[in-house]
Amino acid sequence: MAIVELENIRLSYGEQEVLKGVCLRLASSEFAAILGPSGCGKTSLLRIIGGFSDYSGSLRIDGRDVAGQPPHRRNIGIVFQDYALFPHKTVADNIGYGLRMRAMPKADIDKRVRGLVDLLKLQGLEQRYPAHLSGGQRQRVAIARALAIEPKMLLLDEPLSALDKKLREEMQVELRQIQKEVGITTLFVTHDQEEALALADTIVVMNEGRIRQIGSPSDIYLRPADEFVANFIGQSNLFDAEVVDANEKVITARLDGGEVVRIESDRRVARGSRIRFCVRPERFGLSSPSIQVDGANVFDGTVDHAVFLGSSWQLRITTANSRKIKVQTSEGRREGEAVRLSWQPKNGVVLSA
């Protein structure tokens, strides 16, 4: 069952159209990420769902149209980027704030606050004030406060952006575990591709007020729908080519440098048409130029740049046709070394035709 349904959502500020007919459905217990560059409309979409912005189109939450309904009547928990904790209230008082606004009996408030303190690992911090908490602790308090009202949905606006890398990675794991334990539908906004891939069941990629692709992390990464998604999520090598032959399963194409390659694809393309396709850096195999690689597309070239990243090597290979190819591999190579790159037809993704 869909908890949130958006149909043809539009938003403008003066003459600037920020959202251009966005459609989205989120299922019960789904953890979704809205991912995109600054200014793409992702935070505006979150604010519309939360009840903080006007819009045109249809928005239903739990089957009910919520047009004109104020934020406090939508039964949605929200965690803002700066957490928005009350500085003059203790951890316990911050968590229980929404419950007091709903006039819940004090004994029930105390019981729920204790449960959330245990869930969010805040034991011993109940009487501290936000100024005396670490960034990770403040983030957990903000999540506890949002969950206290037992909302139908949780909205997170870049909740980890203020944390350092190590703490951010730790909080990603904790946030995912909390969401699974509570089972709440969650939508979070981020511009961090790695964060979206690590956390979400579903990724919604946005650009210039439109949704470009919706899919699982593996679908988004391995089968990008277009050039924007391929470039924004991770790194890609882009190639332009002319179709030499095509059937229902394989496209044979000649690159601008003259090399002929095979790409597994169900796209319908005509002979003589132009295509653009991508191959991810980690999809290349490395060997010496003398080794034959059966069934693969191959490029011979020279390593002109090599960087060790700890768990892998990032290489740049210049081919005989002066093409620059990015490769990520566990195998180290010396700059100036001659190599053969190979990639399987199934690892090429046709982006446009």
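In this predicted model, the buried residues of α3 are covered by elements that include α2, α4 and α5 (165-182).

**Helix α3**

The buried residues of α3 are Ile-109, Val-113, Leu-116, Val-117 and Leu-119. They lie on the same side of α3, because they cover an arc of only 160 degrees around the axis. Ala-107, Lys-111 and Arg-114 are on the other side of α3, and they are exposed. The helix has 14 residues. From first C-alpha to last, α3 reaches 20 Å, close to the 20 Å expected at 1.5 Å a residue. Lys-121 follows α3 and has a positive phi, near 60 degrees.

**Helix α2**

Helix α2 spans residues 91-101. Its buried residues are Val-91, Ala-92, Asn-94, Ile-95, Gly-96, Gly-98 and Leu-99. What covers them includes α3 (106-119) and α4 (135-148). Just after α2 comes Ala-103, with a positive phi of about 60 degrees.

**Strands β1, β2 and β4**

Val-4 has Leu-26 in β2 as its bridge partner. Glu-5 stands opposite Arg-60 in β4. The hairpin of β1 and β2 has 2 residues between the strands. Gly-14, in that hairpin, takes a positive phi near 65 degrees.

**An exposed glycine**

Gly-68 sits in the loop between β5 (64-65) and β6. Is Gly-68 buried or exposed? Its relative accessibility is 78%, so Gly-68 counts as exposed. Gly-68 and Asp-82 are 14 residues apart in sequence. In space, their C-alpha atoms are 26 Å apart.

**The largest pocket**

Rolling a probe the size of a water molecule over the atoms shows where empty space is left. The largest pocket has a volume of about 440 Å³. Its lining is made up of 18 residues. Nearest its centre lie Ile-76, Ile-78, Tyr-97, Arg-145 and Ile-149. The elements that each give two or more residues to this lining are β6 (76-79), α2 and α4.

**The cavity**

How many cavities of 30 Å³ or more are there? The count comes to 1. The largest cavity holds about 50 Å³ of space. Which residues line the largest cavity? They are Phe-31, Ile-143, Leu-147, Leu-154, Leu-156, Leu-175, Ile-178, Gln-179, Val-182, Ile-184 and Thr-186. The elements that give two or more residues to this lining are α4, β7 (153-157) and α5. The most comes from α5, with 4 residues.

Methods:
Residues are numbered from 1 along each chain as its sequence is written. This is a predicted model: local features need pLDDT of at least 70, side-chain atom pairs count only at pLDDT 80 or more; totals for chains, interfaces and linings use all residues. Side-chain values use heavy atoms; hydrogens and water are left out. Buried means under 20% relative accessible area, exposed over 50%, partly exposed in between (1.4 Å probe, protein chains only). Contact means heavy atoms within 4.5 Å. Two strands pair if DSSP finds at least two bridges between them. The expected span of a helix is 1.5 Å times one less than its number of residues. The arc is that of the directions from the helix axis to the C-beta atoms. On a 1 Å grid over the protein atoms alone, a cavity is a set of points where a 1.4 Å probe fits but cannot get out, and a pocket is an open set with protein on both sides within 12 Å along at least five of seven lines; lining residues have an atom within 4 Å of a point. Grid points are joined across faces, edges and corners, and a volume is the space filled by probe spheres set on the points.
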